[in-house]
Amino acid sequence: MFLSRQRVLFQRFGRCSFHTQPIADTFIITPEIKDALKRQGPVVALESTIISHGMPYPQNVETARSVEYIVREQGAIPATIAILNGKVHVGLTDDHLEYLGKTGREAIKTSRRDLPIVLSQNKTGATTVASTMLLARAAGIPIFVTGGIGGVHRGASESFDISADLSELGRTSVAVICAGVKSILDIPKTLEVLETQGVTVTTVGKTRAFPAFYTPDSGFSSPYHVESPLDAAKSILANHQLEMNSGMVFAVPIPKESAANTKSIQEAIDTAIHEARSNNVKGKEETPFLLKRITELTRGESLAANIALVKNNAKIGGQIAVELSKLKN
């Protein structure tokens, strides 16, 4: 079964010979979320990089508020995670959301490797998929909703640029509900790495078509598909019972009425990638650069699709969290 919050915090961040004080003291969890976790109620983790780096202000804050509202509409509790002044916040106030939205890229894009520096130097950090998974697991939250996961970057055979999200999925038991892999990436190679990491990949829908973020079908397939939140929750529970210690990916295709035009998106992606290479944009700066440039090239079409898919993921993720809570109780 999924480990209790207290046990996980002790195992991951508890007292040992290396610490004079448990790092768990740096967690600030809202009373509402604490109460829900104690009774194994439905809680959904949400990342904060999408607020600071994924969208411009004020759409980023408006989307964050809407996503939290949609999660609540399903009967679950949203838990947006961010690092504020060296403290891990699990659950943000409206003022926190506004602050992150206005801070934008000045907030440190914080993956697993960045956590020790951001915490020890009392910085403000926006959590990526990898760090949100790690912190959600530490808090005892088994389900995480995001837009799209990172993956193998195009040209990785030369650059070796592969997102830390994939290795985190291989070692952290959190179910990630997303619209697949960001379409700026190499989707088939990303699916291969997920297989190597032992990550269960499942499309939520009537077919196994793996989505391509802005569009519902990448031309590649997931190994499995489930048609209902209950079936998804059952597979998550089985993952916990087996103590597999690896994550799961539930790929939710963007609704067709909200999808971007495949041709225009692909042309914009190709142009943006060429510009990134020409301007030597690399590492963790590449994805924000590409998303921003694609929004400009598509005259906002990609941003509208991005917002729509995140909201749709929140709806499905909230429903899965509710079903998982029922199974546990």
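Modeller: Among contacts in the chain between residues at least 6 apart in sequence, 74% join residues at least 24 apart; contact means heavy atoms within 4.5 Å. This is a predicted model, in which local features need pLDDT of at least 70 and side-chain atom pairs count only at pLDDT 80 or more, while totals for chains, interfaces and linings use all residues. Residues are numbered from 1 along each chain as its sequence is written, and side-chain values use heavy atoms, with hydrogens and water left out.

The setting comes next. The chain has 14 helices and 13 strands; these are DSSP runs numbered from the N terminus, with helices (H or I) of at least four residues and strands (E) of at least two. Its radius of gyration is 18 Å, close to the 20 Å that the globule rule gives for 329 residues, so the chain is as compact as a globular protein of that length. That radius is taken over C-alpha atoms, and the rule is 2.2 Å times the number of residues to the power 0.38. Along the principal axes, the C-alpha atoms fill a box of roughly 50 × 45 × 35 Å. Buried residues make up 57% of the 329 residues. Here buried means under 20% relative accessible area, exposed means over 50%, and partly exposed lies in between (1.4 Å probe, protein chains only).

The part to look at is the loop between β8 (175–178) and α10 (187–196), where Ser183 is placed. Ala179 is found in that loop between β8 and α10 too. Are these residues buried or exposed? Ser183 is buried, with a relative accessible area of 8%, and Ala179 counts as buried at 0%.

What do they touch, leaving aside residues up to four places away in sequence? Ser183 is in contact with Arg154, Ala212, Phe213, Tyr214 and Ile269. Ala179 touches Gly147, Gly148, Pro211, Ala212, Phe213, Val252, Leu309 and Asn313. Ala212 and Phe213 are therefore on both lists, because each of them has heavy atoms within 4.5 Å of Ser183 and of Ala179. Ser183 and Phe213 are 30 residues apart along the chain, and their C-alpha atoms are separated by 5.7 Å. For Ala179 and Pro211, 32 residues apart along the chain, the separation is 6.1 Å.

The structure holds one aromatic pair. Phe213 and Tyr214 form it, edge-to-face, at 4.8 Å centre to centre and with 70° between the planes. Rings of Phe, Tyr and Trp (its six-membered ring) pair if their centres lie within 6.5 Å; planes under 30 degrees apart count as stacked, over 60 as edge-to-face and the rest as tilted. Phe213 counts as buried at 2% relative accessibility, and Tyr214 counts as buried at 2% as well.

Leu324 is in helix α14 (residues 301–328) and is buried, with a relative accessible area of 3%. Beyond its neighbours within four places in sequence, Leu324 is in contact with Pro142, Ile143, Ala233, Ile236, Leu237 and His240. The C-alpha atoms of Leu324 and Gln40, 284 residues apart along the chain, are separated by 9.1 Å.

Thr30, in the loop between β1 (27–29) and α2 (31–38), counts as partly exposed at 24% relative accessibility. Apart from neighbours within four places in sequence, Thr30 is in contact with Val90 and Gly91. From Thr30 to Glu296, 266 residues away along the chain, the C-alpha separation is 37 Å.

Some loops also have backbone details to note. Asn85 has a phi near 50°, a positive value in a residue other than glycine; Asn85 sits in the loop between β3 (77–84) and β4 (87–90) and is exposed, with a relative accessible area of 54%. Asn245 has a positive phi of about 60° although it is not a glycine. Its place is the loop between α11 (229–241) and β13 (248–251), where Asn245 is partly exposed at 40%. A cis peptide bond, with omega about 10°, joins Tyr57 and Pro58, and Pro58 is in the loop between α3 (49–54) and α4 (59–73).
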